[in-house]
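Dear colleague,

Please find below the structure that I am handing over to you. My notes on it follow directly after.

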Amino acid sequence: MTDSGQILADLKTTTQAVENHDWVSAGLGGASTALDLLGATQDPLAALTSAGFGMITELVRFLEEPLKQLQGNPDAVSSHSQGMEGGGQQVSSVADDYRQSAGPETSGWSGSSASSYRDNSSQHADCVEAVGQAGIAMAKAATGAGKVVAKAQQEVGGLISEAVGQIIQLMTQAFAAAQATFGASIAAAIPQAVAIATQYGGQIAQKLGVLLSDSDNLLQLITSVTQGLEAATQLMSKLSEASKSSSDGESGSSDSSASSRYPSSSGSQYSSSSDSQYPDSSQPSSRYPSSADSQYPGSSDSSDSQYPSDSQYPGQHRPRTPVSTAQQS
């Protein structure tokens, strides 16, 4: 299996684990609670006040604090997870389209370059699908976390209701015996009511501990998803760089092969300045005589008959030779 195939397979396995709630422990098992319950605003302590025991309500108020902490916005969670899952599915669809088009369009190709292209395109498609799979996994994690919190909220609310029920029964009996005991039964029942609330508070704390443990399990899966996403993006970058280097190499070889069509200045087709066709000044040709040639006599040739010697100009230097360089040019 290629690197891209392994990355994709791992992400699919992680997504399945998130969706199946493998990260949820037995303490909150069967977390199929509707996400809507996450926004429930129940007040289980209200039954104490309705029963006429408002003074006890303030003493056991600590029971409802965890319940408030667990309340959330189900609409926000739902819309966020649906958006991520929809985006992930669209990206995965793009990968499928790319696979389906890459095969038929290169069916007539052959050679090592064709094989390399097909391999790269297959790995690119795996990486693109891995990105989409990561989005789907994160969406499943958000939905699952919301449902598990709603489950914990439901169970915590149930524990509070049980505690309130026992306190109401206790206080009812105490008030019934108040006249006979001159109120002593009520005084004795109040600490007992607080003790009941404390006992149930411990059970609520255990539920919250389970929820925290499950959250850590889910966080590990999310970390695995992000690592897979990072690996997929890095592999796509490497594949792109490899394709670019291969393309540059083919371009370079094409340029070098083309150089034989256009020989350099040292080639036989385009001879250098030392060639006899284009003589250099150091190698005079019969077509271009030098200053020593009889046709263009230089100033140093005193015996030339065209320009008289010093005897014609006694007492004077011989006049300067006409500008032979201009004539030569």
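S81 lies in helix 5, which spans residues 74-105; helices here are DSSP runs of H or I with at least four residues, strands are runs of E with at least two, and both are numbered from the N terminus. The model is a predicted one, in which local features need pLDDT of at least 70 and side-chain atom pairs count only at pLDDT 80 or more, while totals for chains, interfaces and linings use all residues. Residues are numbered from 1 along each chain as its sequence is written, and side-chain values use heavy atoms, with hydrogens and water left out.

With a relative accessible area of 5%, S81 is buried (buried means under 20%, exposed over 50%, and partly exposed in between, with a 1.4 Å probe and protein chains only). Leaving aside residues up to four places away in sequence, S81 touches A139, A142 and T143, a contact being heavy atoms within 4.5 Å.

W109 is found in the loop between helix 5 and helix 6 (112-176). The relative accessible area of W109 is 43%, so this residue counts as partly exposed.

Of its 329 residues, 29% count as buried. Among contacts with a separation of 6 or more in the protein chain, 78% are made by residues 24 or more positions apart.

Yours sincerely
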